[in-house]
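Subject: Structure for your review

Dear colleague,

Please find below the structure I am handing over to you. My findings follow directly after it.

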Amino acid sequence: MKRILGISAFFHDSSAVLLEDGKIIAAVQEERFTREKHTEKFPINSIKYCLEAGNIELDELDAIVFYEKPFLKFERLIETYYTFAPKGILSFLKAMPSWLNEKLFLKKTIKDELSKIGFYDRKRTKLLFSEHHLSHAASAFFSSPFNESAILTIDGVGEWTTASIAMGSNNSIKILKELHFPHSVGLLYSAFTYFLGFSVNSGEYKLMGLAPYGNPNHCETLRFIDIIKKSLVDIKEDGSIRINQKYFTYATGLKMVRLNKWEHLFGIKCRKAEDEILQSHSNLAFAIQKVTEEIVLKMAQTAKSLTNSTNLCLAGGVALNCVANGVLLRSNIFKNIFIQPASGDAGGALGAALSVNFMYYENPRISDEQNDIMQGAFLGPDFSNRDIEKLNRKTLAEFQHFKDFDVLSKNVADLISIGNIVGWFQGRMEFGPRALGNRSILGDARNNEMQKKLNLKIKNREGFRPFAPSVLSEDAHIFFDLKEKSPYMLFVANINNEIKHEVSKDYEDFDFWKKLYVQRSDVPAITHVDFSARVQTVHKETNPKYHQLISDFKNLTGCPLIVNTSFNVRGEPIVCSPEDAYICFMSTDMDYLVINDYLYCKTEQPNWERKDKWKIKFKLD
């Protein structure tokens, strides 16, 4: 039996993962414990949880593996500064103390941090280091259903690599092609994230959500696309790119871009975080999204030609761009696509552990070609009724305890159907950035006010942000043009014509806010302005309770679909514990909260009298 601990830390999205003979015992991000979003700190709490979940001590581990190689990263840093010298001296002076004091001696730092958790025999338990993009590749392929597959990893930068194409076969991965720093799809996208007023390494999904508000046929949008491709990035036929460093400062500077050059190039000012969003911002977001999709498609075509595989595995931060994933799926370049649900650096801990299990120890790997090993991504902490009763005594909360989950589920479905917003907390927490039905906020997708209410009164975030549907897997075809299952909410699909509403002929010319509040379909709360949705298909095998809730909602309303957004507010991580959930519930305008078998309300017991304001019967095939 081999027990392996994977660790990601010291950049962003620190995490820990425990494997036992190739099976994932636990996987969790450190931010969920510290409540510091995207924390880079050493994942002490995550490691403690993983050991507890595996019922083992630190000295029972066979190996501890870090997700990248610090010396290679330091080599890239020094060589980059040397190449661009004398530019970047301020950035160099700022970076060096951290490297010299901590990161360059990472092996000692890791050992010192582990000693705070417990004793382990350093001769018996190996401390290993994986390469960044190998960790990404391993996280995707070794957790996929496939015995062989092309692998595509795309992110900002690891040590030197910014994207890679590899071939996975049984228990091995062979790197075939790499793109190196400073030429990076992830950093290109992050530069636009920065220019449009969002935070780098966390706001890229906001940029993706803003892009559909752009007018695809407007002369400004077409001009933006032309400028990007002629002035900023040279896209080769194989998907490799060359970024014009005259316009960028990320290689050696403290910011992403040369603002004066960008403002002159595009004819618009750099947007600040709280500035109004203008149509030009939306058009620019659309432009870089389209360019990114073009690059990803070309990379995928190259992966296909190099491997001749019918399967593709994706990982790296850019693999979380579910709009590009949807375009890739519809391209039919590959028959089957698997995307690692924790594609960012958090998932690097998983990939590092998997790579050691299969490639270092050469353990055999057999897949059934049907099921991944992610267990629905429900790999984090769960909590007992004893934990919840402790919360109840501490808070003097108003609650109702249901001994029969069937009764609870039917009542919650009823509450959602009459316009209530419900916090839903069940079982093990999700690993990765998406809430998939265990730490979720739920609402009725048929309610035309739901998106606005969720954004402004619950999530406290930008009003343009879209929401995802959770749909019963067996009924997804009724609503969406989606040929693959999508349990991890990583594909955007177009909604079917049957549920679309006719819009004005000049719809594309509407301004930003006017377009937002047009009712576009029978399920407006999850229909984005371009008639698409980021779909989660819910499967009884991986999440029976969530599947039952949506089934009860379907039986009540005829609609097998609800709104699902992560259980958190702006600037905070997804809730982990019952106490986190209760605090979030009480500090927002959520109507009800469910934790395991307990239903909470703020002032009074629920009134179960039915209202039919939003009752719409769907004709199901």
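This is a predicted model: local features need pLDDT of at least 70, side-chain atom pairs count only at pLDDT 80 or more; totals for chains, interfaces and linings use all residues.

Nine strands form an open sheet with mixed pairing, in the order 13-21-20-14-15-19-16-18-17. Its edges are taken by strand 13 (399–401) and strand 17 (491–494); each has a single partner strand, so one side of each is left without a neighbour in the sheet. On average, and with direction ignored, neighbouring strands of this sheet are turned by 35° against each other.

Within the sheet, strand 16 (residues 468–472) and strand 19 (residues 561–566) run antiparallel and are joined by 4 bridges. Pro 469 has Val 563 of strand 19 as its bridge partner.

Helix 15 (residues 405–417) lies across strand 14 (422–425), strand 15 (439–443), strand 20 (592–595) and strand 21 (598–601). Relative to strand 14, helix 15 runs at about 150°.

Helix 11

Helix 11 (residues 279–307) has 29 residues, which at 1.5 Å a residue should span 42 Å; the end C-alpha atoms are 42 Å apart, so the two values agree. Of these 29 residues, 21 are buried, which means that helix 11 is largely enclosed by the rest of the structure. Asn 308 follows the helix and has a positive phi, near 55°.

Cavities

Rolling a probe the size of a water molecule over the atoms shows where empty space is left. Searching the whole structure gives 2 cavities of 30 Å³ or more. The largest cavity holds about 60 Å³ of space. Its lining is made up of Gly 376, Phe 378, Leu 436, Pro 487, Tyr 488, Gln 536, Thr 537, Val 538, His 539, Thr 542 and Asn 543.

Asn 332

The loop between helix 12 (322–331) and strand 12 (336–339) contains Asn 332. Its relative accessibility is 52%, and because exposed means over 50%, Asn 332 counts as exposed. From C-alpha to C-alpha, Asn 332 lies 46 Å from Phe 105 in space, and the two are 227 residues apart in sequence.

Yours sincerely,
A colleague

Notes. Residues are numbered from 1 along each chain as its sequence is written. Side-chain values use heavy atoms; hydrogens and water are left out. Two strands pair if DSSP finds at least two bridges between them. Helices (H or I, at least four residues) and strands (E, at least two) are DSSP runs, numbered from the N terminus. Axes are lines fitted to C-alpha atoms, for helices over the stretch in contact, and angles run from 0 to 180 degrees between N-to-C directions. Contact means heavy atoms within 4.5 Å. The expected span of a helix is 1.5 Å times one less than its number of residues. Buried means under 20% relative accessible area, exposed over 50%, partly exposed in between (1.4 Å probe, protein chains only). On a 1 Å grid over the protein atoms alone, a cavity is a set of points where a 1.4 Å probe fits but cannot get out, and a pocket is an open set with protein on both sides within 12 Å along at least five of seven lines; lining residues have an atom within 4 Å of a point. Grid points are joined across faces, edges and corners, and a volume is the space filled by probe spheres set on the points.
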